[in-house]
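Visitor: I have a model open and want to learn how to read it. Can we take it feature by feature?

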Amino acid sequence: MLRAIPATLMRGGTSKGLYFNAADLPSNEAARNAVLLAAMGSPDPRQIDGVGGAHPLTSKIAVLSPSDHPDADVDYLFLQAAVNERQVSNSQPCGNILAGVGPWAVENGLIAALQGETRVRIRTINNGSLAVATVQTPGGIVEYEGDAAIDGVPGAAAPVSIEFLDIAGSNCGSLLPTGNIVDKFAGVEATCIDNGMPVVLLRARDFGLTGDETPASLEANDKLKSQIEAIRLEAGFSMNLGDVKAKTVPKMTLVSPPRGGGALSTRTFIPHRVHEAIGVLGAVSVAAAAALPGSVAASVSKASAGWRRMDIEHPSGFFTVDLELEKDGEAFAVKRCALLRTARLLMRGEIYIPSAAWSAA
């Protein structure tokens, strides 16, 4: 017999996924993952027997609960359900799905709404980082409609501003996990950085590319994908991530000079599909790398000296990051990191899970 679980389908930034109250899911991790795979319809390239959208960006999950952390209201666990594999990964956070956490928390009573705006303090369980999301709550009710637009999403919506607190090195232990601004893997120069997301930056031209290729053309380039995966596996050990063969990090970002007036252009492997835009924390890490003199990103960036706001170009447009970096001796520290996202409530109710998923664990 099918079993019903309360769930909310939301768009967060340029991603889409299911949001759950942790209390409504099995406490056992294996059982929980079996249920979530069934909810998404994985493994299946079309995810036809679930609500997943047949792409990593639409096969995402947020598991939420009240937080016992003194500086947080909500605990947020991000889970990535693979499309073609029986796998649920917690190896990375997701800043796009994070955009929906604040609105969900207010609507589900995890924090009381204030008049006008409500600040929601969020702890990301994946890496322990803290963020503050400001949600529009006129009349004490979450407002999803507005005039804020982000590239990669049609139309406009209410703004959700997000400020990240002390995220540098949250996954790998330091902003520059290898201790170097530039490393070489398989003879190719790379900058490895972790400003909320482990990212390896590579020059597009070092692979014979211009940097303005479409995601589809990059995905069809088997030789390129093989080269990038070999670098990713080697870089994983150098970034303190260990064997990343079965992990979704680090992300691999090709950088090139800007074409639309931004600071630099990006194409990001996540890690085996190519992002139609760029992830929130991925963009934050790219911006931090571009601010580091001598980095691979800085070598192609057109950002002016002393900048605090950087437009990162991606296949769907721009991603704007506000970031302050300071140098302490030979080390660099991130003083502030903030950005603007939007979210939309799509559907709320119950998702039905086959009994076999409950017994599979």
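Visitor: What does a side-chain oxygen of Asn 28 reach at the start of α1?
Guide: The model is predicted, so treat each value as computed. At the start of α1, that Asn 28 oxygen comes to within 3.0 Å of the backbone nitrogen of Ala 30.

Visitor: How many residues does α1 have, and what span is expected?
Guide: Helix α1 runs over residues 29-40, which is 12 residues. From first C-alpha to last it reaches 16 Å, close to the 16 Å expected at 1.5 Å a residue.

Visitor: How do I read the faces of a helix?
Guide: Start with the general idea. An α-helix has 3.6 residues a turn, so residues three or four places apart point the same way. Now the case here. Helix α1 is mostly covered, with 10 of its 12 residues buried. The buried stretch includes Arg 32 and Asn 33. Val 35, Leu 36, Leu 37 and Met 40 are also among the buried residues.

Visitor: Which residue follows α1, and what is its phi?
Guide: Gly 41 follows α1, and its phi is positive, near 90°.

Visitor: What should I expect of backbone angles elsewhere?
Guide: Most residues other than glycine have a negative phi, and most peptide bonds are trans. Look for departures from that.

Visitor: Where is phi positive in a residue other than glycine?
Guide: Take Ala 54, with phi near 65°. Ala 54 sits in the loop between α1 and β3. Then take Ala 186, with phi near 55°. Ala 186 belongs to the loop between β9 (183-185) and β10 (188-194).

Visitor: Is Ala 186 buried or exposed?
Guide: Ala 186 is exposed, at 62% relative accessibility. Ala 54 is partly exposed, with a relative accessible area of 27%.

Visitor: Which peptide bonds are cis?
Guide: Pro 43 lies in the loop between α1 and β3 (60-66). Another cis bond joins Val 249 and Pro 250, where omega is about 0°. Pro 250 is in the loop between α5 (222-238) and β12 (251-256).

Visitor: How do I read a polar side chain in a loop?
Guide: Check its cover, then its partners. Gln 92 lies in the loop between β5 (88-89) and α2 (95-98). Its relative accessibility is 5%, so Gln 92 counts as buried.

Visitor: Which side chain makes a polar contact with that of Gln 92?
Guide: Thr 248 does, and the contact is 2.7 Å. Leaving aside neighbours within four places in sequence, Gln 92 is also in contact with Phe 78, Asn 126, Met 197, Val 249 and Lys 251. Val 249 is the residue joined to Pro 250 by a cis bond.

Visitor: How do I judge the fold as a whole?
Guide: Begin with the inventory: the chain has seven helices and 16 strands. Next, the dimensions. The C-alpha trace spans about 55 × 45 × 35 Å along its principal axes. A compact globule of 361 residues would have a radius of gyration near 21 Å; the chain has 20 Å, which agrees.

Visitor: What share of the residues counts as buried?
Guide: Of the 361 residues, 56% count as buried. The chain exposes about 14,900 Å², and carbon and sulfur atoms supply 48% of that area.

Visitor: What share of the contacts comes from residues 24 or more positions apart?
Guide: Among contacts with a separation of 6 or more, such pairs account for 62%.

Definitions and conventions: Residues are numbered from 1 along each chain as its sequence is written. This is a predicted model: local features need pLDDT of at least 70, side-chain atom pairs count only at pLDDT 80 or more; totals for chains, interfaces and linings use all residues. Side-chain values use heavy atoms; hydrogens and water are left out. Helices (H or I, at least four residues) and strands (E, at least two) are DSSP runs, numbered from the N terminus. The expected span of a helix is 1.5 Å times one less than its number of residues. Buried means under 20% relative accessible area, exposed over 50%, partly exposed in between (1.4 Å probe, protein chains only). A polar contact is a pair of N or O atoms within 3.5 Å; within protein, one must be able to donate a hydrogen and the other to accept it, and residues adjacent in sequence count only if both atoms are side-chain atoms. The radius of gyration is taken over C-alpha atoms; the globule rule is 2.2 Å times the number of residues to the power 0.38. Contact means heavy atoms within 4.5 Å. Accessible areas come from the Shrake-Rupley method with a 1.4 Å probe; for residues, only the protein chains shown count as cover.
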